[in-house]
Amino acid sequence: IFKIICIFIYGGSLLFFWKKNKRSSLLPLELATLTLVTVLVSPVVWRHSYVPLLLPLFFLWLATETRTASLRRYLLLALSTILIGTALPQFALHYLTNNVLLQIVLQMLVPAASIVILFLLFGQYRQLINLTGDSITS
C-alpha cells in the first residue's frame, strides 16, 4: 500500500505542475521540487539521499532575492541547509547520545528539513506564478 501512496503523491505533484503552468518557463523550479518529492516518498535510507537534496537547496539559495526575502526565510533556509548539507544529525546520533527518544528526534531532522524546503519551494513557485502571470488554469 505504501508504493500506491507514493505513486499518488508523485503523480499528484506532476498533475499539479501540469495544471498550473503548461509552459516550460518555470521548469528549473518544477524539477527541483519534483526531485525533493521523489526523495521524500522514497523508502531509501536518508543518509543515501543527501545528493539529490542538494539540488533544491542550490536552487533556493540562488533564487532568493536579497531585497525581498524575509529573515524567517533565510533562517529556515540556513537551518535546513545545515541539517541536509552536513553530517551533523548523524554525528550527533552516533556519538553524542544513547537516549532512544533523542535518537528518534535526530532521525527525523533531515525529513523535517526536507519538508521545510518543500514549503519554501512551493512558496517560490507561487511567487513566480504571480510575478510572471504564466498560470494557465482551467
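Q: What makes two residues count as being in contact in this predicted model?
A: Contact means that heavy atoms lie within 4.5 Å. In this predicted model, T35 meets that criterion with P52 and L55, once its neighbours within four places in sequence are left aside.

Q: How do you know whether L29 is buried or exposed?
A: L29 has a relative accessibility of 1%, so L29 counts as buried, the cut-off being under 20%. L29 also belongs to helix 2.

Q: Which residues are in contact with L29, leaving aside its neighbours within four places in sequence?
A: The partners of L29 are F59, L121, Q124, Y125 and L128.

Q: What makes up the protein chain, in helices and strands?
A: The protein chain has 7 helices and 0 strands. Its pattern along the sequence is accordingly written α-α-α-α-α-α-α. Of its 138 residues, 34% count as buried.

Q: What share of the contacts with a separation of 6 or more comes from residues 24 or more positions apart?
A: Such residues account for 70% of those contacts in the protein chain.

Q: Which residues of helix 3 and helix 4 meet?
A: From helix 3, the residues are Y50, L53, L54, L57, L60 and W61. They meet R73, Y74, L77, A78, T81, I84 and G85 of helix 4. Sorted by class, this contact comprises 10 nonpolar, 2 polar and 1 charged residues.

Q: How do you know whether helix 5 and helix 6 are roughly parallel or roughly antiparallel?
A: The axes of helix 5 (residues 88-96) and helix 6 (residues 100-107) cross at roughly 165° and come within 9 Å. The threshold for roughly antiparallel is an angle over 145 degrees. Helix 5 and helix 6 are therefore roughly antiparallel to each other. Helix 5 passes helix 6 in a left-handed crossing.

Q: What makes the contact between helix 5 and helix 6?
A: Helix 5 contributes P89, A92 and L93, while helix 6 contributes Q103, L106 and Q107. By class, 4 residues in this contact are nonpolar, 2 are polar and none is charged.

Q: Which residues of helix 5 are buried?
A: The buried residues in helix 5 are P89, Q90, A92 and L93. They cover an arc of only 165° around the axis, which puts them on the same side of helix 5.

Q: Which residues are exposed on the other side of helix 5?
A: Y95 and L96 are exposed there, exposed meaning over 50% relative accessible area.

Conventions: Residues are numbered from 1 along each chain as its sequence is written. This is a predicted model: local features need pLDDT of at least 70, side-chain atom pairs count only at pLDDT 80 or more; totals for chains, interfaces and linings use all residues. Side-chain values use heavy atoms; hydrogens and water are left out. Helices (H or I, at least four residues) and strands (E, at least two) are DSSP runs, numbered from the N terminus. Ala, Val, Leu, Ile, Met, Phe, Trp, Tyr, Cys and Pro count as nonpolar, Asp, Glu, Lys and Arg as charged, and the others, Gly among them, as polar. Axes are lines fitted to C-alpha atoms, for helices over the stretch in contact, and angles run from 0 to 180 degrees between N-to-C directions. Angles under 35 degrees count as roughly parallel, over 145 as roughly antiparallel, 65 to 115 as roughly perpendicular and the rest as oblique. A crossing is left-handed if the near helix is turned anticlockwise from the far one by less than a right angle, and right-handed if clockwise. Buried means under 20% relative accessible area, exposed over 50%, partly exposed in between (1.4 Å probe, protein chains only). The arc is that of the directions from the helix axis to the C-beta atoms.
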